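Subject: Structure handover

Hello,

I am passing this structure on to you. Please open it alongside this message and follow along.

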Amino acid sequence: MPSPTTVATTAFDATAGELPPSPQDFDAVVMTGSKFSAHDTETPWIQQLKAFIRKVVSSQSGPFVIGICFGHQIIAEALGGKVAKNTLGWEVGWTPIELTQEGSKLFAASGLAPGAALVPCLACFEQDHVVEAPPGFQVTGSTQLSPVQIMHSDRCFSVQGHPEFSSGVVRELIHMRRASGVLAGDACDKWLGLVDRPTDGLLVARSMLHFLAGRQP
């Protein structure tokens, strides 16, 4: 059996202007989800975060960059891709992801058996999406609503979905957005009907660790 991987984390609140002062001290920087829009061109902390990503990626000694949902989008925006509100609507809840050949190889190395269903599923909850991946990135997964659901480069790995979300989290978010009028009732009923289907968050997390381990100097 492979040896267990120990992960130690330090949190920084980018919305408060907190960013790692010495990013080279970390193996990786993880950009998480957020209620904000990555294509915002006016909010100062978002512009600072984009500049930080560009600095980290351009540095030969900098850490690798992992992105989840908003993190996925802001990596794209910072490095020359494009993010926009999805004209097809919200992508919510249990979502199957079609992998490219490269994506299948990456996930197989992380635990998805070769020849098994190459359609992992994640919980999603977003209205914005990556329309165009940055130069030098490979798109490794897509969905019916989001053509750039997973992407990676030599230094970055990001996903639009939420590997960390449980069905309970998604259920609560649907109820909250429904009560506030953000999401339509019929759509919520459909998503709630699928919310307890199993997802592959652990597989995606392993693929991220595999990506980092395979690229450590």
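Below are my notes, from the overall fold down to one residue.

Overall picture

Please keep in mind that this is a predicted model. The protein chain has six helices and ten strands. Its C-alpha trace spans about 50 × 45 × 30 Å along the principal axes. The radius of gyration is 17 Å. A compact globule with 217 residues would come near 17 Å, so the chain agrees with that expectation.

The largest pocket

How much space lies in the largest pocket? About 1200 Å³. Its lining counts 42 residues. Nearest the centre of this pocket lie Thr9, Ala28, Val29, Val30 and Ile66. Strand 1 (28-31), helix 1 (44-58), strand 2 (64-68) and helix 6 (201-215) each give two or more residues to the lining. Helix 6 gives the most, with seven residues. By class, the lining divides into 25 nonpolar, eleven polar and six charged residues.

Helix 1 against helix 2

Next, look at helix 1 and helix 2. Their axes come within 9 Å and cross at roughly 70°. Angles of 65 to 115 degrees count as roughly perpendicular, so helix 1 is roughly perpendicular to helix 2. On the helix 1 side, the contact is made by Trp45, Ile46, Leu49, Lys50, Ile53 and Arg54. Helix 2 brings Phe70, Ile74, Ile75, Glu77 and Ala78. Eight of the contact residues are nonpolar, none are polar and three are charged.

Glu77

One residue of that contact deserves a separate look. Glu77 sits in helix 2 (residues 70-78). What does Glu77 touch, beyond its neighbours within four places in sequence? The partners are Ala38, His39, Lys50, Lys82 and Val83. Ala38 is 39 residues away from Glu77 along the chain, yet their C-alpha atoms are separated by 6.8 Å.

Helix 4 against helix 5

The last pair is helix 4 (residues 167-179) and helix 5 (residues 185-194). They pack at an angle of about 175°, with their axes 10 Å apart. An angle over 145 degrees counts as roughly antiparallel, so that is how helix 4 runs relative to helix 5. From helix 4, Arg171, Ile174, His175 and Arg178 take part. They meet Gly185, Cys188, Asp189, Trp191 and Leu192 in helix 5. This contact has four nonpolar, two polar and three charged residues.

Best wishes

Conventions: Residues numbered from 1 in each chain as written. Predicted model: local features only at pLDDT ≥ 70, side-chain atom pairs only at ≥ 80, totals over all residues. Heavy atoms only, no water. Axes fitted to C-alpha atoms, helices over the stretch in contact; angles between N-to-C directions. Helix = DSSP H or I, 4+ residues; strand = E, 2+ residues; numbered from the N terminus. Parallel < 35°, antiparallel > 145°, perpendicular 65-115°, else oblique. Contact = heavy atoms within 4.5 Å. Nonpolar A, V, L, I, M, F, W, Y, C, P; charged D, E, K, R; others polar. 1 Å grid on protein atoms, 1.4 Å probe; cavity = no way out; pocket = protein on both sides within 12 Å on 5 of 7 lines; lining within 4 Å. Points joined across faces, edges and corners; volume = space filled by probe spheres on them. Rg over C-alpha atoms; globule rule 2.2 N^0.38 Å.
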